[in-house]
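Subject: Structure handover

Hello,

Here is the structure you asked about.

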Amino acid sequence: MTIELEPTASPTTMPQAAAREADASRAPTADAWKHRHVLDVDDFSTDEIELAMRTTAEMKEILARPIAKVPTLRGRSVTILFYEASTRTRVSFEVAAKNLSADVVNIAAQSSSVSKGESLIDTVRTIEALGADMIVMRHAVSGAPYLAAEHFSGNVLNGGDGWHAHPTQALLDLFTMRERLPGGSVRGRKVVILGDILHSRVARSNIWALTRSGADLWLCGPATLLRGFERWAGATMPGSARFTVASSIDDALADADVVMALRIQKERQAGGLLPSLREYTARFALTRARLARAKPDALVMHPGPMNEGVEIMPDVATGRQSVITDQVTNGVAVRMALLFLVSGVPLVE
């Protein structure tokens with residue numbers, strides 16, 4: 001059947017359905033989707049973001065069934081090509097593709113011909129010659145998925161590239177906020193992203209997804225990990241994302257609706273940007289005392305993996321306000337939605 005975009009009348013999904021309806025001035029149809037690839041969300045229209053959210057809700061309904069599988073991508077081949085280690089993104093993409101009945105091939109760069117010096121372009125051409133219809137890629141170099149998309153006739157989905165982008169994470173974060181916030185919308189809500197902003201592809205993609213959805217976005221961390229974002233925040237060119245940059249954690253967390261802590265990316269750190277992890281934890285870790293400055297029911301989020309006891313305290317990560325496990329669960333639904341949307345095929349039962 002063709003995917004149903006209107007909210008269902010199920011009692012268990014009515015609040016979420018009403019929230020999704022409230023966040024859109026009009027319901028986009030499948031014609032709103034214009035993307036062959038998912039490389040970032042900076043070129044997503046408001047309608048495309050809304051369509052991704054609505055499609056994700058449909059996929060969550062499929063996941064709630066006793067058998068969470070549909071034959072939509074039967075006969076399609078999805079290759080997962082990761083040049084960096086991953087658990088959540090890689091596994092959730094694999095689960096998502098299998099739930100849509102696609103054939104899935106996993107390639108780890110360290111055990112492929114990449115270790116013998118094969119170039120990215122040659123790898124992509126080889127994967128295509130072997131019958132791949134879609135490639136899900138993670139790469140340490142910013143822009144690598146864009147290069148792959150130029151040389152691949154199918155669909156490329158970015159699972160994270162360097163410091164640049166992580167579009168599926170941003171969309172699952174947005175979906176989780178809309179699902180859990182009263183009223184089901186981020187419009188006008190104060191959302192704080194706290195931590196290592198400089199090295200975070202998650203933060204960069206969230207800037208686009210959240211500001212385009214109307215959130216009051218704040219970025220907070222040590223000044224050395226905010227370099228360049230002040231200029232971006234103050235930009236006035238058409239289409240630029242507007243947000244607030246602050247090094248004062250007290251100002252940032254005051255009356256926040258959502259607080260997302262980011263991992264200190266030790267593998268990307270260089271040049272002595274922090275005196276020490278101990279210093280960072282003392283000044284910027286998300287603790288219960290600091291979270292108390294936010295609204296009483298503020299959501300606590302983290303894209304993972306977490307350094308518990310460094311950027312977030314264990315009791316906060318597992319506390320009543322935490323929706324971190326919801327993010328992981330929603331990752332499967334979001335990635336099912338995006339695989340479906342780029343495929344261009346109707347959803348079949």
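What follows is a short account of the pocket, the aromatic side chains, the backbone and a few contacts between separate parts of the chain.

Please keep in mind that this is a predicted model.

The pocket

The largest pocket has a volume of about 410 Å³. Its lining is made up of 20 residues. Those nearest the centre of the pocket are Arg138, Arg201, Arg263, Gly304 and Pro305. Sorted by class, the lining has seven charged residues, eight polar ones and five nonpolar ones.

Where in the fold does the lining come from? Domain 1 (16-166 + 330-343) and domain 2 (169-324) each give at least three residues to the lining of the largest pocket. Among the helices, helix 3 (88-99) and helix 7 (201-212) each supply at least two residues of that lining.

The peptide bond that joins Gly304 and Pro305 is cis, with omega at about -10°. Pro305 is in the loop between strand 9 (299-301) and helix 12 (314-317). As a reminder, most peptide bonds are trans.

Aromatic side chains

The structure holds five aromatic pairs. One of them is formed by Trp33 and Phe44, in an edge-to-face arrangement with 5.4 Å from centre to centre and 90° between the planes. Trp33 and Phe44 are 11 residues apart, and each is in the loop between helix 1 (14-22) and helix 2 (46-63). Are these two residues buried or exposed? Trp33 counts as buried because its relative accessibility is 11%, under the 20% cut-off. Phe44, at 1% relative accessibility, also counts as buried.

Another pair is formed by Phe229 and Trp232, and this one is stacked: the centres are 5.9 Å apart and the planes are at 25° to each other. Both residues belong to helix 8 (residues 229-233), where they are three residues apart, or about one turn of the helix. Phe229 has a relative accessible area of 3%, so Phe229 is buried. Phe229 and Trp232 are also members of one aromatic cluster, together with Trp208 and Phe243.

Trp218 has a charge as a neighbour. The charged end of Lys190 sits over the ring of Trp218, at 4.2 Å from the ring centre. Trp218 is located in strand 6 (residues 216-220). Its relative accessibility is 17%, so Trp218 counts as buried. Trp218 also has a C-alpha to C-alpha distance of 7.2 Å to Ala246, a residue 28 positions away in sequence.

Positive phi

Most residues other than glycine have a negative phi. Which residues have a positive value here? Ser101 is one of them, with phi near 70°. Ser101 is in the loop between helix 3 and strand 2 (103-108). Asp255 also has a positive phi, near 60°. Asp255 is in the loop between helix 9 (249-253) and strand 8 (258-261).

Ser101 and Asp255 fall into separate accessibility classes. Ser101 counts as buried because its relative accessibility is 12%, under the cut-off of 20%. Asp255 is exposed because its relative accessible area is 52%, over the cut-off of 50%.

Contacts between separate parts of the chain

Ile197 is in the loop between strand 5 (190-194) and helix 7. At 0% relative accessibility, Ile197 counts as buried.

Ile107 belongs to strand 2. How accessible is Ile107? At 22% relative accessibility, Ile107 counts as partly exposed. Ile107 and Tyr83 are 24 residues apart in sequence, and their C-alpha atoms are 8.7 Å apart in space.

Best wishes

Notes. Residues are numbered from 1 along each chain as its sequence is written. This is a predicted model: local features need pLDDT of at least 70, side-chain atom pairs count only at pLDDT 80 or more; totals for chains, interfaces and linings use all residues. Side-chain values use heavy atoms; hydrogens and water are left out. On a 1 Å grid over the protein atoms alone, a cavity is a set of points where a 1.4 Å probe fits but cannot get out, and a pocket is an open set with protein on both sides within 12 Å along at least five of seven lines; lining residues have an atom within 4 Å of a point. Grid points are joined across faces, edges and corners, and a volume is the space filled by probe spheres set on the points. Helices (H or I, at least four residues) and strands (E, at least two) are DSSP runs, numbered from the N terminus. Ala, Val, Leu, Ile, Met, Phe, Trp, Tyr, Cys and Pro count as nonpolar, Asp, Glu, Lys and Arg as charged, and the others, Gly among them, as polar. Domain bounds come from an automatic or database domain assignment. Rings of Phe, Tyr and Trp (its six-membered ring) pair if their centres lie within 6.5 Å; planes under 30 degrees apart count as stacked, over 60 as edge-to-face and the rest as tilted. Buried means under 20% relative accessible area, exposed over 50%, partly exposed in between (1.4 Å probe, protein chains only). A charge sits over a ring if NZ of Lys or CZ of Arg is within 6 Å of the ring centre and within 35 degrees of the ring normal.
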